[in-house]
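Here is a short briefing on one protein model. Keep the structure open while reading.

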Amino acid sequence: MTLKACGVILIKSFLQLMKFKIHSISKKSNDWEAEGITSLLKKMPHHEVIFNNIRSTSKNVSQAYSIEKESNLLMSALEKKNATILWDLQGKHVSSKQFSKIIQDLSLEFKQVEFIIGGSNGVSEDVFSQVRYVLSASKLTFPHKLFKLLLTEQIYRACQIIEGHPYHK
C-alpha cells in the first residue's frame, strides 16, 4: 500500500469518528431550518452533528450583561477536551477548502469539534481567548437560524472535500 493510500485511509477513519457540536444563542428551530438541517444530516451518516440551542438573555438587560451572561452559558456548555471554533464577524474569512483543511487537521488531534455562535451582541473577550479558531463566513450578518443551516452545509462540504468526493466544485 502506498503512503498516499495510507493517508487516505487514515483520514477516512478519523472522519468516520468525527463529531460536531454547534452551540448557539438562539431559539428552538423552526420548520424550514429543521428540514434543511435534517436533509443535510441524512447525507452524513458517518458523522454526528449535535445542536445546543441556548436561550438568549432577556431584552430588558444591558448589552454588557447580556454578552457576559451568554458567554458564560456558551463556555460552560463546552467540553475542554474538544477543539473549539468561534464564528464571529471579526474572525478570519475562509473558503470552503480552507475550512475543510481546518476540519481535517483538527480530526487528527480531536474526536469532536465544537462551534460557537454567539448572541446578537457578540461574545466576551474571554471566549475569544479560549477558542482554537475565530472564523467568519462573510462580512454579511445572518440570522442564527440561517447560519446554523449554512454551517451544517459547510461541515458536509468539508467532509466531502476531505473524502475526495466531487460535491465541491
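Two strands count as paired if DSSP finds at least two bridges between them. The model is predicted.

**Sheet**
- The sheet is open and has five strands, ordered S2-S1-S4-S3-S5 with parallel pairing.
- Strand S2 (48-54) and strand S5 (133-136) are the edge strands. Each has a single partner strand, so one side of each lacks a neighbour in the sheet.
- On average, neighbouring strands are turned by 30 degrees against each other, direction ignored.
- Strand S1 (residues 19-25) and S4 run parallel and are joined by six bridges.
- Helix H6 lies across S1, S2, strand S3 (83-93) and S4. Its direction is at about 165 degrees to S1.

**Aromatic rings**
- The whole structure holds six aromatic pairs.
- Phe99 and Phe115 form a tilted pair, at 6.1 Å centre to centre and 40 degrees between the planes.
- This pair bridges distant parts of the chain. Phe99 sits in helix H4 (residues 96-109) and Phe115 in strand S4 (residues 112-117), 16 residues apart.
- Phe99 has a relative accessible area of 2%, so Phe99 is buried. Phe115 is at 0% relative accessibility and is therefore buried.
- Phe142 and Phe147 are a stacked pair, because their planes meet at 25 degrees, with centres 6.5 Å apart. The cut-off for stacked is under 30 degrees.
- Phe142 is partly exposed at 28% relative accessibility, whereas Phe147 is buried at 9%.
- Ring pairs join Phe20, Trp87, Phe99, Phe115, Phe142 and Phe147 into a cluster.

**Helix pair H2 and H6**
- Helix H2 (residues 31-42) packs against helix H6 (residues 144-162) at an angle of about 5 degrees. Their axes are 10 Å apart.
- The two helices are therefore roughly parallel, since angles under 35 degrees count as such.
- H2 contributes Trp32, Glu33, Gly36, Ile37, Leu40 and Leu41 to the contact.
- H6 contributes Lys145, Leu146, Lys148, Leu149, Thr152, Glu153 and Tyr156.
- By class, the contact residues are seven nonpolar, two polar and four charged.

Methods
Residues numbered from 1 in each chain as written. Predicted model: local features only at pLDDT ≥ 70, side-chain atom pairs only at ≥ 80, totals over all residues. Heavy atoms only, no water. Axes fitted to C-alpha atoms, helices over the stretch in contact; angles between N-to-C directions. Helix = DSSP H or I, 4+ residues; strand = E, 2+ residues; numbered from the N terminus. Parallel < 35°, antiparallel > 145°, perpendicular 65-115°, else oblique. Contact = heavy atoms within 4.5 Å. Nonpolar A, V, L, I, M, F, W, Y, C, P; charged D, E, K, R; others polar. Phe/Tyr/Trp six-rings, centres within 6.5 Å; stacked < 30°, edge-to-face > 60°. Buried < 20%, exposed > 50% of the residue type's maximum accessible area, 1.4 Å probe, protein only.
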